[in-house]
Amino acid sequence: MATSSTADVIRIHRHGGPEEMKLESVELAPPGAGQVRLKHTAIGVNFIDVYKRTGLYPSQLPAGLGEEAAGVVEALGEGVTSLKVGDRIVYNGLQGGYASHRNAPAEKMVLIPDYVKDEEAAAVFLKGLTVWMLIFEIRRVQPGETILVWAAAGGVGSILTPWANALGARVIGVVSTPEKAELAKTYGCAETILSSEDVAARVKELTGGRGVPVVYDSVGKASAEASLKSLHPRGWFITFGNASGPVDPVAPLRLSQGGSLVMTRPTLFSFTGTRPELERGAAALWGAMRSGAVKADVRQRFALKDSGEAHRALEGRKTSGATILLP
Ligand code: NDP
């Protein structure tokens with residue numbers, strides 16, 4: 001049990017499976033200059049946490065896990081004037097979020113609006129900013145166009161689909177099971193394709209033989225070629241995740257053969273690296289939540305101590321919507 005000077009944290013001492021995730025009690029120093037001490041109320045689980053656990057994205061060990069949490073400011077370090085004790089905040093991009101309490105830089109904190117609950121903030125902040133990056137910053141989704149979204153019933157998919165709908169796009173979603181197809185339709189997919197089907201052939205059927213202008217591919221290794229084949233000339237292959245493993249190298253000539261295709265491999269943290277960028281993305285996300293275009297859909301909750309179970313479910317494709325941990 002955490003006290004005022006300790007925190008319960010999940011740490012790994014080596015890369016590997018969920019069994020490497022250990023619940024530990026650590027001493028927590030008072031917040032340093034520019035830092036705040038946080039008490040977490042809800043923690044976001046994201047696929048990047050799996051990559052960091054396995055070592056696909058290596059960490060210096062021992063390491064905390066988790067990039068995102070919502071909570072309350074409990075104490076201020078020297079020089080912090082942007083926040084006060086009691087503020088409700090959310091953050092992402094700070095490894096070590098799987099914790100009851102932590103110290104963290106005040107400049108990374110974003111206030112949670114009163115119309116968003118803590119659980120909802122932890123469910124949407126990292127995933128929703130990722131969607132903002134995908135549909136506004138990289139290439140703006142256009143009204144009337146048809147787009148292809150992989151893992152449409154997943155955490156990012158549950159935000160990407162309705163937000164793209166709100167911009168006027170028709171979404172074709174790829175999912176692994178009929179149950180996930182039903183859920184993806186409730187998120188706003190006009191059509192769904194099972195990943196066991198010939199995805200590119202189905203996309204061509206559903207687009208009058210033409211293909212789509214943009215594919216949002218978070219599956220990676222298993223889906224990349226089908227994504228490239230689903231694009232019409234000058235289409236965008238936006239490959240932003242590795243759920244099935246990292247994408248094999250794509251030769252520039254493959255892009256030429258597809259008809260002058262554009263390929264990009266974005267990472268959120270290069271779109272929110274400065275405070276104005278972070279605030280712009282957060283304002284867009286909160287605006288989409290206030291209007292109802294985007295809703296948090298927390299479909300799995302685990303206790304912090306059971307975070308390994310959360311990883312097993314996420315990696316085993318057993319989850320849909322968002323997953324959170326409760327400290
Ligand atoms: P999801 O909830 O979407 O879970 C991943 C989904 O991927 C699964 O539910 C599953 O859906 C699908 N999938 C396909 N193949 C596999 C496989 N072999 N193993 C496991 N899952 C598979 O996760 P998140 O919402 O957290 O993240 C979605 C993706 O977005 C991830 O790839 C993540 O890395 C990426 N991402 C990238 C960011 C960036 O900055 N580039 C930022 C945030 C997320 P189904 O069963 O329907 O196939």
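Student: What are the ground rules for the numbers and values?
Tutor: Residues are numbered from 1 along each chain as its sequence is written, and side-chain values use heavy atoms, with hydrogens and water left out. The model is predicted, so local features need pLDDT of at least 70 and side-chain atom pairs count only at pLDDT 80 or more, while totals for chains, interfaces and linings use all residues.

Student: Why are α2 and α8 called roughly perpendicular?
Tutor: Helices here are DSSP runs of H or I with at least four residues, strands are runs of E with at least two, and both are numbered from the N terminus. Helix α2 covers residues 118-138, helix α8 covers residues 275-291, and they pack at an angle of about 105 degrees with their axes 9 Å apart. Axes are lines fitted to C-alpha atoms, for helices over the stretch in contact, and angles run from 0 to 180 degrees between N-to-C directions. Angles under 35 degrees count as roughly parallel, over 145 as roughly antiparallel, 65 to 115 as roughly perpendicular and the rest as oblique. The two helices are therefore roughly perpendicular to each other.

Student: Which residues make the contact of α2 and α8?
Tutor: Contact means heavy atoms within 4.5 Å. From α2 the residues include Val124, Phe125, Leu129 and Trp132, and from α8 they include Leu278, Ala282, Leu285 and Met289. The contact divides into eleven nonpolar, two polar and four charged residues. In this count Ala, Val, Leu, Ile, Met, Phe, Trp, Tyr, Cys and Pro are nonpolar, Asp, Glu, Lys and Arg are charged, and the others, Gly among them, are polar.

Student: What makes α1 and α9 roughly perpendicular?
Tutor: Helix α1 (residues 47-54) and helix α9 (residues 307-315) pack at about 105 degrees, with their axes 10 Å apart. That makes α1 roughly perpendicular to α9. Phe47, Asp49, Val50 and Arg53 of α1 meet His311, Leu314 and Glu315 of α9. Three of the contact residues are nonpolar, one is polar and three are charged.

Student: How do you know that the buried residues of α4 line one face?
Tutor: Buried means under 20% relative accessible area, exposed over 50%, and partly exposed in between, with a 1.4 Å probe and protein chains only. In helix α4 (residues 178-187) the buried residues are Lys180, Ala181, Leu183, Ala184 and Tyr187. Seen down the axis of α4, they fall within an arc of 165 degrees, so they line one face of the helix; the arc is that of the directions from the helix axis to the C-beta atoms. On the other side of α4, Glu179, Glu182 and Thr186 are exposed. The buried residues pack against α3 (157-166), β10 (170-175), β11 (191-194) and β15 (298-303).

Student: Why are β11 and β14 said to stand at the edges?
Tutor: Two strands pair if DSSP finds at least two bridges between them. The open sheet of six strands has the order β11-β10-β9-β12-β13-β14, with parallel pairing. Each of β11 and β14 (262-264) has a single partner strand, so one side of each is left without a neighbour in the sheet. The twist averages 15 degrees from one strand to the next.

Student: What makes β10 and β11 a pair?
Tutor: Four bridges join β10 to β11, which run parallel. Glycine 173 has threonine 192 in β11 as its bridge partner.

Student: How do you know that β1 pairs with β2 and with β4?
Tutor: Six bridges join β1 to β2 (residues 22-27), and the two run antiparallel. Valine 9 stands opposite glutamate 24 in β2. Two bridges join β1 to β4 (residues 63-64), again antiparallel, with arginine 11 opposite glycine 64 in β4. These three strands form an open sheet in the order β2-β1-β4, and its edge strands are β2 and β4, each pairing on one side only.

Student: Why is β1 described as mostly covered?
Tutor: Strand β1 spans residues 6-12, and six of its seven residues are buried.

Student: Why does leucine 76 count as partly exposed?
Tutor: Leucine 76 lies in strand β5 (residues 68-76). Its relative accessibility is 34%, so leucine 76 counts as partly exposed. Leucine 76 touches Pro31, Gln35, Val36, Leu83, Lys84 and Val85, not counting residues up to four places away in sequence.
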